Amino acid sequence: MTKQKGNNKMTIGGYTMDDLGYGITVNQYESGWSFFLQGDDAIQFRKEWELAQENNISFGRFLNDQDYNTLFF
């Protein structure tokens, strides 16, 4: 996982995640597919991802396990 200085954009495996504060954009950069969450959905995503990190779950597996991978378009 790489966090770029000065913002909340991270590169994790084949994905980038950009936490904008008011929402989160996740991009699968090889396919160009992405999704955006805001409000309560973004808050829930942050909580679930924090828990996944504590349990050493990869970002790709987290997206699959939580069905976020179905949001890509």
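Buried means under 20% relative accessible area, exposed over 50%, and partly exposed in between, with a 1.4 Å probe and protein chains only. This is a predicted model: local features need pLDDT of at least 70, side-chain atom pairs count only at pLDDT 80 or more, and totals for chains, interfaces and linings use all residues. Residues are numbered from 1 along each chain as its sequence is written, and side-chain values use heavy atoms, leaving out hydrogens and water. Helices (H or I, at least four residues) and strands (E, at least two) are DSSP runs, numbered from the N terminus.

**Helix 1**
- Ala-42, Phe-45, Trp-49 and Ala-52 of helix 1 are buried.
- Down the helix axis, the buried residues fall within an arc of 85 degrees, so they line one face of helix 1. The arc is taken over the directions from the helix axis to the C-beta atoms.
- An α-helix has 3.6 residues a turn, so residues three or four places apart point the same way.
- Exposed Asp-40, Lys-47 and Glu-54 sit on the face turned away from the buried side.
- The cover over the buried residues includes strands 2, 3, 4 and 5 and helix 2. Contact means heavy atoms within 4.5 Å.
- Just after helix 1, Asn-56 has a positive phi of about 55 degrees.

**Strands 2 and 3**
- Met-10 and Ile-12 form the covered face of strand 2; Lys-9 and Thr-11 form the uncovered one.
- Strands 2 and 3 pair antiparallel over four bridges. Pairing requires at least two DSSP bridges between the strands.
- Thr-11 has Thr-16 in strand 3 as its bridge partner.

**Ser-34**
- Ser-34 lies in strand 5 (residues 33–38).
- Ser-34 is buried, at 19% relative accessible area.
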